[in-house]
Amino acid sequence: MTAEPTHIGLPIHRSGTDLVPTTDAPQNGKDFTSDQEVRWCPGCGDYAVLKAVQSFLPDLGLRRENIVFVSGIGCSSRFPYYLDTFGMHSIHGRAPSIATGIATAREDLSVWVVTGDGDALSIGGNHLIHALRRNVNMTILLFNNRIYGLTKGQYSPTSEAGKVTKSTPAGSIDHPFNPVSLALGAEATFVARTVDSDRKHLTSVLSAAAAHRGTSLVEIYQNCPIFNDGAFDAIKSPDTREEAIIPLVHGEKILFAGGTKGVVRSASGGVEVALVEEVGLDAILTHDAQAEDPSTAFAISRLTAADYLHQAPIGIFRQVARPTYDDQAREQVATAAAAAPASPSDRLTALLNAGDTWTV
């Protein structure tokens, strides 16, 4: 389908001039809900994320045929079946590469990748980091439940050290990835973290990610009630979340625990948590998600507790502008096409004689 997308709310992944709104009837979440039975385990955090995405998609102001979801392999990768948009349940770890081709070939599409901590950070790690550094127009939703759920409970690249699973009966001896740190190290232009059970925050982050031109990576803490239940209880429990969540809001002081704690510069040049009454409010860092240098954002990401039991920064870590891979690729193609001979036969001759040639 080649129907022109509408432009009714958020900016969309599209270059050139603004698109003219159509007279299509307003959409709602049901318009983006497929007729497929949703098949996840009872209590899975994927249900909450799916509902949030279905409710959010109408805000894009796009027809369903101008949205495509690409997934890899894993529980989260069932996502395309449950959305009434175009989609592809693709190859293990390769969803970012497939999405890169789609985004480059079709600038009229809003391209999304749905992946998990195993799919994205194990077999797909190489594909993920190169999509991030290229800054392709796509939004990547990385569901992190710190376990391999689909294959029944092996440890994953984000499982904490010492994790006892079917594949690590004596406890994992691997050092886990911090997905946000990884993305910032790859110099991704939009990096955020949110939680499956916080619908308001999840939706606000999705909105910002979709509006960003370039690659957006959103890590979503997502509970697996069967194989890793309670992995994020510290962040979700009303009794502990005020102490555990370090909220990141651009332009605001990084304060938490009811304003009694904050993030300050450490003597080593990184950041650390301090009591406000001891250091004073002026010493507390003001969050700058739009800083060109990702060093401070990376330092903040390192405040994530390795065992996930104490604290984690939540929000948008980085949001900066940089030329995108697919826009530049299309510009190169257009320039080459404009310089090519008009005649098809002349173009073929020019192609055959281009570069290194020799006579034998």
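User: Let's start in strand 3: which residue is the bridge partner of phenylalanine 69?
Analyst: Tryptophan 112 in strand 3 is the partner of phenylalanine 69. Strands here are DSSP E runs of at least two residues, helices are H or I runs of at least four, and both are numbered from the N terminus.

User: Before we go on, what kind of model is it, and how is it numbered?
Analyst: It's a predicted model, where local features need pLDDT of at least 70 and side-chain atom pairs count only at pLDDT 80 or more, while totals for chains, interfaces and linings use all residues. Numbering starts from 1 along each chain as its sequence is written, and side-chain values use heavy atoms, with hydrogens and water left out.

User: OK. How many bridges join strand 1 to strand 3?
Analyst: Five, and the two strands run parallel. Strand 1 also pairs with strand 2 in the parallel sense, over four bridges, with serine 71 opposite histidine 89 of strand 2. Two strands count as paired if DSSP finds at least two bridges between them.

User: Is strand 1 buried or exposed?
Analyst: Five of its five residues are buried, so strand 1 is largely enclosed by the rest of the structure. Buried means under 20% relative accessible area, exposed over 50% and partly exposed in between, with a 1.4 Å probe and protein chains only. Ile67, Phe69 and Ser71 point one way from the strand, and Val68 and Val70 point the other way.

User: What's the strand order in the open sheet?
Analyst: The eight strands go 2-1-3-4-6-5-11-7, with mixed pairing. Strand 2 (86–89) and strand 7 are the edges, each pairing on one side only. From one strand to the next the twist averages 20°. At the strand 7 end, strand 7 pairs with strand 11 in the parallel sense over four bridges, and isoleucine 245 stands opposite alanine 312 of strand 11.

User: Which strands does helix 1 lie across?
Analyst: Strands 1, 3, 4 and 6, and helix 1 runs at about 160° to strand 4. Angles go from 0 to 180 degrees between N-to-C directions, and axes are lines fitted to C-alpha atoms, for helices over the stretch in contact. Alanine 52 is found in helix 1 and counts as buried at 1% relative accessibility.

User: What does alanine 52 touch?
Analyst: Arg199, Leu202 and Thr203, leaving out residues up to four places away in sequence. Contact means heavy atoms within 4.5 Å.

User: Switching to helices 2 and 4: at what angle do they pack?
Analyst: About 35°, with the axes 7 Å apart. Pro96, Ser97 and Thr100 of helix 2 meet His127, Leu128 and Ala131 of helix 4.

User: Now pockets. What volume does the largest one have?
Analyst: About 380 Å³. The lining has 20 residues, and Asp198, His201, Ile245, Pro247 and Ile314 lie nearest the centre. A pocket is an open set of points on a 1 Å grid over the protein atoms alone, with protein on both sides within 12 Å along at least five of seven lines, and lining residues have an atom within 4 Å of a point. Volume is the space filled by probe spheres set on the points, which are joined across faces, edges and corners, using a 1.4 Å probe.

User: Which element gives the most to that lining?
Analyst: Strand 11, with four residues.
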